[in-house]
Amino acid sequence: MSVHDDLTSVQRCLDDLVRSVKRLEQQMGGGGLEMRRVRTDADHLRESVALLREAAPGLGKPRRPDLVSIPDTPYDNTLWTDSDDEGLGARDRRAP
């Protein structure tokens, strides 16, 4: 299995754990110290797996593309000789 597959499997198991903890909390009540500890531990595990996912090579946030600078000089007017004005149609015809 690859790292991606393992992390996905762990994430699925943790999602199941969190759902089970919520059901258990509804049945037993969430006021007890033990229940709060279990819920907090499950949340910490989810945060830890999220950090692992970000640290794993190739699985983190997608890399931003390099910025391309656009010069402030005006474009060459010959680029627009055969173009239509958006919403107005061709230059030699009347707009509808």
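Student: How much of the chain is buried?
Tutor: Of the 96 residues in the protein chain, 11% count as buried, where buried means under 20% relative accessible area, exposed over 50%, and partly exposed in between (1.4 Å probe, protein chains only). Keep in mind this is a predicted model: local features need pLDDT of at least 70, side-chain atom pairs count only at pLDDT 80 or more, and totals for chains, interfaces and linings use all residues. Residues are numbered from 1 along each chain as its sequence is written, and side-chain values use heavy atoms, leaving out hydrogens and water.

Student: Which residue does Glu 25 pair with?
Tutor: Arg 39, at 2.8 Å from N to O. Glu 25 lies in helix H1 and Arg 39 in helix H2, so the pair ties together parts 14 residues apart in sequence.

Student: Is Glu 25 buried or exposed?
Tutor: Buried, with a relative accessible area of 18%. Arg 39 counts as partly exposed at 29%.

Student: What about Asp 15, what does it bridge to?
Tutor: Asp 15 forms a salt bridge with Arg 46, and their closest N and O atoms are 3.5 Å apart. That pair links distant parts of the chain, with Asp 15 in helix H1 (residues 3–28) and Arg 46 in helix H2, 31 residues apart.

Methods. Salt bridge = Lys/Arg side-chain N within 4 Å of Asp/Glu carboxyl O. Helix = DSSP H or I, 4+ residues; strand = E, 2+ residues; numbered from the N terminus.
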